[in-house]
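Morning, everyone. Please have the viewer open.

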Amino acid sequence: MPITSAPPEAAVLPRRNRKAQRGEARAGVLFALPWIIGMTLFVAIPLVVTFYIAQTKFQIIGAPKWVGMQNYEALWSDPAFWKSAQNTLIFAAISVPVKLIIALGLALLLNRATALSGFYRTVFYLPFLMPAVAGSVVFMLLLTPNAGPVNIALEAMGLNPPDWLLDPKAALWTLILLSLWPLGVETLVFLGGLQNIPKDVSEAADLDSPKRWHKLVWITLPLITPMVLFNLVIGIIYSFQVFTQAIVIGGTTGTPAEATLMYMVVLYRAAFRYFNMGLAAAMATVLFVVVLILTLLIFKTARSWVHYEGGET
Amino acid sequence: MGMVQLSGVRKFYGALEVIKGIDLTVEPGELVVFVGPSGCGKSTLLRMIAGLEDVDYGRVEIASKDVTEAPPAQRGVAMVFQNYALYPHMTAFDNLAYGLRRAGLARNAVDKRVQETAALLQISDLLKRKPKAMSGGQRQRVAIGRAIVRKPEVFLFDEPLSNLDAALRVEMRSQIARLHQELAATMIFVTHDQVEAMTLADRIVVLNAGRVEQIGTPREVYHSPANLFVAGFIGSPAMNLLPATLGPSGVALVSGPVLGGHSGTGEAVTLGVRPDRLTLTSPESAHLSGEAKLIEHLGDETILHLALADGGALTIKLAGDVALTIGARVHARIDMVGASLFGADGRAMRLEGARETEA
Amino acid sequence: MSNTTFAVPRQISRRGFLASSAALGTAMVLPSGAFAQAEGQLLLWLPGGSELFCKIHTGLLEGFSAGASLGAATTVCGLGQDTEFTQSLIGAITAGNPPDISMLWDSPVSLGAQGAFMPLDDMMKGSKIPLETWPAGLLSSCQFKGVTYGLPITAGVYSMWYNEEMFEAKGIPSDRGSFPKTWDEMRKMSKEFTVWDGDKLVSAGFMPNRVPETMAIWSALNGGMMFDETNLKYQIDSEQNIEMMTFFLEWLDEEYKGDFNLVDRSGNFLDGYPNSTTGMGPAFREGRQAGMQSGSWLLGDIFADPVPSFERWNLAANPVGASGSSSVSGTWPNWFVIPVGSKNPQAAFDYLSYLAIEGSVQWYQQIPDVPTNSQVQRKAPAGLVEKRGQAVADDITAFLGEQAAVVTPMWNSPVQSFYTDQIARAVEKIYTKASPVKDALGEAQAATQAELERVLAG
Ligand SMILES: Nc1ncnc2c1ncn2[C@@H]1O[C@H](COP(=O)(O)OP(=O)(O)OP(=O)(O)O)[C@@H](O)[C@H]1O
Ligand SMILES: [Mg+2]
């Protein structure tokens, strides 16, 4: 029997996959298992069920009945769907960036006021302990035309304030204004990012240029882009789902004149007021897809503008 | 190239005074090293020069301009930080170019300056990388590049080499020395490392608890420490400080022997003897005797740590590899040439022997 | 023995805060008592109301259970008023674990038609409360396609309320018989009271209706209807309804500067309660509004804060529109249902019989929700007697009883909430001139009819 000589080692041995050796991979899966199970139970299954219900007629009581694309067709021709989508888009498009800018400004201020920042941080977080419903009611009272304190003050200054939540032309803008409160979480996220910037890096920037805005634009902002991304994505997801304030202020019909009719309100009333779970599920599916696409788009562009501390070159 | 002048500079953190009135002039083109124990205020003083810390009292002048109130970027200083402090989101090129661009330099000029600097520091092939993708030494060179590229009046280094391994440290040390020569720039350098201080410095500033203990050339602070603190701090292994009295016939050690050449009226003094100024001898001619407690064999030299009979300790540095065992009885003789004598107030006294070594 | 459990105790008017409670409800956790279902023990759920309301019902159920030798009864109060109560109830029904009895503040027709509630017709036959003892218009609010899914045990009855003192100050006779009989008369009289100071409405007479829930009453007053139950056809854009909304709109333009916003900036001219959105006080109680339509529940609340600036007010029949022939009334009933899956359906029905005839008398005396069964011997509410004297209280009680007998069907649609929202939308569009009357009603008609057909389809 001829002895076949072994080929040179380098030629046959594959490069070892060091970071994911099999044992490690198994342990990894094991550690991730609770999370995977949780995801499946609380995210994947409801998602699939939603997709399914969206294709049925389901009036909550009784069994769902397959209707194919009927719910989506109904949506397409439902003025409330379009009106609320439009309102929600305007809401998100303005509320999110404005909120981000204000939160960033506040965070920059807080980051400077070192001695008091602990106190202010608490103060900024306090509104979160107030239920959104109560907050909205307070704002409605504050913004009452004529008798409300805000308009009394504005009129005293010689201004001609709008009817805020009562005027169909102003109501959506008022809702956007109200959405800027509270912004403690965004501020805290930014503040966390700012405080994560190494002191010496910030000092190096001070040595490189005397202008504050140089440092802000070229050093500080790029270094907190992960927080900007986070706040942006969360902000978009949340503002697409604006609900509590909208329903407290506008009820289920988006008073006045559907100016405050938001997507989630239409979805909610379809589900729990009209018992039209199929339509509600279809709306949820559309929202899911839109938000997913938006988020993916943002993440795709993020590669070019977000600096990750752990990232490669 | 600028002069740095500090007059009466003080700094408080709350009620705690950490810089207690410092006067110092750094001549143009000079390389001055700040040394001192941890927490003595070296970094604080350096940062006050940079403008990163407020000056509570006193004045800071750079290139004859009062910059006490000026923002860091307008003082004509550049600083190299211990942890490099590179902008993590920028490539090495951008790190170097940032300050130039913000100062409004034209694109071509920026390119040229960055490339020149990179060549000088041999980092040209790193320019496209971000800090994450560089080794510590590479990052340090980029950090130095970022300081150099702006052609400042004064360079400030805060322990720039302390994160590097020994070999790299030596290499970077010589690179900084070379840069100092080539750029003929004024530099202030903070370090813990005696060798760094001794080899780099034109002058050394020894700081202790927010005060200057001595300013002098490396040889001055080594051979003529101004006081007990400097004597004990400079030099490794540290100088032996032996209690003694200064009598009419000379310096009398506590253990008996009298070393001639000086005279006094019986006041208590401290005799400072560098470990290499002690030699082994026979019991009869010994000034001091003790038991070997620890023997460090460093190859070309041997360091003996003795316990003296009176409870004191003595360190002896001997050339070559000396065969001795722990527990051995050792007899040593003091070479008064190069010895220092300190009065009861801790200040150095004039000692003829010491003069001779300087010559 | 009896148990009472409060989820979120709230003391707000029944019509108030519908929207906010919906939002609050999303975070609500049901108390454990809500799931005390057991054979031989009655479990009752109440959507909301004051503490007193809860106490009355707890007491009634307790008394009944003791008399019928049942086990300990449980009353769960304040589960929220609007959609979130429905959510909880649906959840319990689909889980097969519902209460034996539930009060509803929303018509039982929608969910009844879906099979959530037990049909009561068989049990009613030969019981103390057979079909014929209920006002037909009222019972229709629980019926769909001839099946009865619940009972309107008591109801808030809508009628006109007016300030006798304001009438007299203008030299207008203030007795009930002289109250305007037609919309035209009402609108003409209204002008006498309406005073503007620039853009501020200082005082007003009457207002064109803009409450979506009561639009069916005004439609019936004009000889029309919103929903033709027999033919399963909505009639939102019928001639009569277009005429009605046109009349209201012209009235608004003529007397109120065509702008409800100006009205709302001047006070709450909408109902007899402080406005939950603007916090403004009720113009009627402030003596700035001569009259309005309101449900009878205001009888119990009118003496509370803000106390009226006058003493004498009265109730009158709703006036009739140009195309209408006779006055009708409307209601907002307190419905009771027996959810499918109840552990004690017969005992639950017996309790409803008791509540309809005897219990509701005590209830009315403390909280003026009018008992509706024809066999009830109503006694005037104690608070009303105390404030206005026995004679006035008896007169008002008798009047409300008459009105309860002439209610127009208004809660009888399986797509009630959808319809209500569509009406709200159309009314807003009309009054803000975003759409002509015809178009706005036409849109509402098309959408609602489509929704009805979708729900009814197999
Ligand atoms: N922000 C601060 N607040 C209060 N005290 C401070 C602050 N920064 C430094 N100190 C104190 O000032 C003194 C000098 O600190 P500094 O950093 O200058 O010391 P150092 O000589 O550079 O020490 P090391 O060699 O360890 O770097 C120390 O006692 C330190 O505790
Ligand atoms: Mg330091």
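Which residue in β18(B) is the bridge partner of L304(B)? It is I316(B). Before going on, some ground rules. This is a predicted model, where local features need pLDDT of at least 70, side-chain atom pairs count only at pLDDT 80 or more, and totals for chains, interfaces and linings use all residues. Residues are numbered from 1 along each chain as its sequence is written, chains are lettered from A and ligands numbered from 1 in the order in which they are written, and side-chain values use heavy atoms, with hydrogens and water left out.

Back to chain B. Strands here are DSSP runs of E, at least two residues, and helices are runs of H or I, at least four residues, numbered from the N terminus. Two strands pair if DSSP finds at least two bridges between them. β17(B) and β18, residues 313–319, are antiparallel over 7 bridges. Their hairpin has 4 residues between the strands, and G311(B) takes a positive phi near 95°.

Step back one strand. β16, residues 288–297, is joined to β17, residues 301–308, by 7 bridges, again antiparallel. E296(B) stands opposite I303(B). This hairpin has 3 residues between its strands, and G299(B) in the turn has a positive phi of about 90°.

Now an open sheet in chain B. Six strands, antiparallel pairing, order β13-β12-β11-β14-β20-β21. β13 (258–259) and β21 (348–349) stand at the edges with a single partner each, so one side of each has no neighbour in the sheet. Further in, β14 (267–273) pairs with β20 (340–342) over 3 bridges. There, L271(B) stands opposite L341(B).

Next, ligand 1. Which residues are around it? Taking a heavy atom within 4 Å as the cut-off, they are Y13(B), V18(B), S38(B), G39(B), C40(B), G41(B), K42(B), S43(B), T44(B), E159(B) and H192(B). For polar contacts to the ligand, I mean pairs of N or O atoms within 3.5 Å. A polar backbone atom of G39(B) is 2.8 Å from a ligand oxygen. For C40(B), also through a polar backbone atom, the distance to a ligand oxygen is 3.3 Å. Y13(B) uses a polar side-chain atom, 3.5 Å from a ligand nitrogen.

Chains, quickly. Contact means heavy atoms within 4.5 Å. There are 2 pairs of chains in contact, and A and C share the most contacts. Chains B and C have no contact; their closest C-alpha atoms lie 43 Å apart.

On a 1 Å grid over the protein atoms alone, a cavity is a set of points where a 1.4 Å probe fits but cannot get out; a pocket is an open set with protein on both sides within 12 Å along at least five of seven lines; lining residues have an atom within 4 Å of a point. Volume is the space filled by probe spheres on the points, which are joined across faces, edges and corners.

The whole structure has 8 cavities of 30 Å³ or more. Of its 22 lining residues, the closest to the centre are N209(C), V211(C), L270(C), D271(C) and Q293(C). β12(C) gives the largest share of that lining, 3 residues.

The second largest pocket holds about 1,200 Å³. It has 35 lining residues, and among those closest to its centre are R112(A) and D206(A).

Note on methods
A polar contact is a pair of N or O atoms within 3.5 Å; within protein, one must be able to donate a hydrogen and the other to accept it, and residues adjacent in sequence count only if both atoms are side-chain atoms.
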